[in-house]
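Here is a friendly first look at the structure shown below. Please keep it in view as you read.

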Amino acid sequence: MSFRVKTILGIAFIEIVMLVALTFSAMSFLSESNEKQLLQRANSTADMFAHAAKDAMISTDIATIDDLVKEFMTIEDIAYITVTRGDKELSSMGSESLMAREAPEDYTLDSVSDGIFDTRRQIYDSNNNYGSINMGFEISEINSMLTNAQKSIIGIASIEVILVAIFSFFLGTYLTKSLVKLIEAANTISQQGPGFQINDDSKDELGEVARAFDDMSRKLERNYRDLKGARSEAEQANESKSRFLASMSHEIRTPMNGVLGILNILEESKLTPEQKKLVNTATESGEFLLSIINDILDFTRMDSNTLRLEHKPFEFRRCVETVVESFLPTAEARSLSLSCTIDSQVPSHVYGDENRIKQVLHNLIGNAIKFTKDGSIAVQIESPSTDNGYADITCKIIDTGVGISRNAMDYLFEEFTMADQTYSRSHEGSGLGLAICKRLCELMDGHIKVESTPSIGSTFSFCVRLELADMHIGMTEKPSNNAELKVSDVSILVAEDNKANQLVIQEMFNRLNLNVDIAENGQHVLEMVEQYHYDLIFMDISMPKLDGMETCKMIRKNSDTSVSQVPIIALTAHSLTGDKETFLDAGMDDYLSKPVRLSQLIEKINLFLTYVSSEGPTKQHQIEASFNTDNNSVETGTQDEHVDLELVDETILEQMIEDTSADVLPMLIDHYLEESQERLKKIYQAIDEKDKNTLEFESHTLGSSALALGNRILSNLARKIEHLCIDNQEEQAFQLKEELTELAEKSLAALAYRKKQGFIEPAG
């Protein structure tokens, strides 16, 4: 019930109660007043008659009594008069029926039941009774007058109630008008955001409230605008940070892996002691740099809630022993005792993320060795309880190192902090190791804590909750790194909208003697899985009509388990932090980034189809695509000075020949050149029409196909345009049209000219 209705009803209720009370009082007053007047008139009349008739009754003067009766009967409202002595009637006048009845004497109007107020007077003289006088007074007029008065009062009260209701309505409306405006303004702000103004100019208190509300709304609008801008900047900064970290991790780890590989080769060669020392130092520095990069990436994933733990069976005891054994050489080199004790109650097989358990152990044991100059490090594993198929496992790492001060323990598990915060700290690190350990333990329904005494040592203990696994369960087999295909006669579907990529994948599978079906979009995939059985699906992410993730979700919802449970591997050029987790959340089983290599396809097929029977599908529907190999639409160039072959990445072409063949590559290039011309037309049109969505999609596809066929620089520019669109910086993307036009023309011409030079199969 609204405040307005409550106000109207409240006012009306008070007025009605007052009117009822007033009406009741008035009716009571009239009734009592009339009764009093009747009693007074009846008693006075009877007394007057008795006084006048006394002498006549004593002398038995009947004539005089009759005259008195006749005279008094002329008085209004007297119904009858009877004068009796004993049983003898001396005189009477009035209604015979009234006089014949036995009527008791009335003293109040409430005792009257026949409409006649009866009164009686006795005539005495010297204690002698000379008779009695009975008189009756009609009360019909009094009752009529009371009834009329009651009707009049009720009528007046009813009119007043109506007037009060009308008055209450207008008064309530007036009083709540400003409140209604406040309510509407509050609802408007809740739906549309702050800034709405009431603009109430009234001078009363409600007007002051409205003006205060307007002022508050203006301030909230400013604050909201500032907050929204700050939030947008923060989101962009966070996204840029994630992209930067993902990109830099790739850019740093790739060459670092190469550096470490070369260093490993150098270690196996003949080196002088000084050279070995330098190589060892370089290797340690490179591995340390990679560990810092991995820590930063892990923390970034945790900070954005994109880190996902695996749930696979593994041998817990072996997991711990492997980590401890890896530190034995380091401990021996520092003359430290490293021991490991695993309680018999600790389960041997559990479900969980083995690598993350190793990561926590590796971090804590590594820290213990780092901060212990002499003495020992003891690893103790216990499992005090199991509950409903789960085990609570406690791991303690006890060292006799330098210990940690009480002040340092307050911030020990915070990000980018170390026990030694001074500029002259003696140990290096990112300050993320313990923070990551804490987050990982919490993700595994556990916790981590530390007890330490400076100069005596520290005890780090963490507890995790893991699901028990059957010791006979088959452990997940890791894929082989060799390029030997372990299955045959399997049914595979590839979803890929890019024609050039379709040809590349088709040729890769041809080399494996496997036939595949090709679907150009997600809708086509859904139609084909309903019609044919497939053992494995490679799913592109960015496709027209229906993208890969939505297609995957729809397949997983299929009522046919043979369709809903088919393994699906993401096949995409997306490679930012968290993308893999996003694809897995959509229902995909694994992830491959483009450009895809033959060895990667073999690895995934072996991983997911090792147990597929060789007597698989006997018939497979093969989609044959007809491609026009005419390359007249591309200016090939006939003179070397018109072509920049640096725009063609020979490494990619060599890998493509290895994955397919030198004979197929020219056809792939022809189709890529033709398709790229059409795609560039769409890109230029999208730029001219300021169509951000089309530009983002087409530039993504161009970047993928360009990278697959060796136009790496063109791919980078297309990727730049795509990410500008993703970051809502499309105006900057539109400004790159001239640069894209020039680079695309030169890149396609260079690749066409390179094709004319021919390709040869690699030796061996």
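F169 is found in helix α4 (residues 140-192); helices here are DSSP runs of H or I with at least four residues, strands are runs of E with at least two, and both are numbered from the N terminus. This is a predicted model, where local features need pLDDT of at least 70, side-chain atom pairs count only at pLDDT 80 or more, and totals for chains, interfaces and linings use all residues. Residues are numbered from 1 along each chain as its sequence is written, and side-chain values use heavy atoms, leaving out hydrogens and water.

- F169 counts as partly exposed because its relative accessibility is 38%; buried means under 20% relative accessible area, exposed over 50%, and partly exposed in between (1.4 Å probe, protein chains only).

**Around L443**
- L443 is found in helix α10 (residues 433-443), and its 43% relative accessibility is why L443 counts as partly exposed.
- L443 touches L307 and L309, not counting residues up to four places away in sequence; contact means heavy atoms within 4.5 Å.
- From C-alpha to C-alpha, L443 and L307 are 9.4 Å apart in space, yet 136 residues apart in sequence.

**Inside**
- The largest nonpolar core has 67 residues, of which I492, F509, F538, I605 and L709 touch the most other members; such a core is a set of buried Ala, Val, Leu, Ile, Met, Phe, Trp, Tyr and Cys residues joined through side-chain atoms within 4.5 Å.
- Helix α18 (residues 665-688) gives this core its largest share, 10 residues.
- Another core, of 46 residues, lies apart from it and includes L361, A408, F413 and V450.
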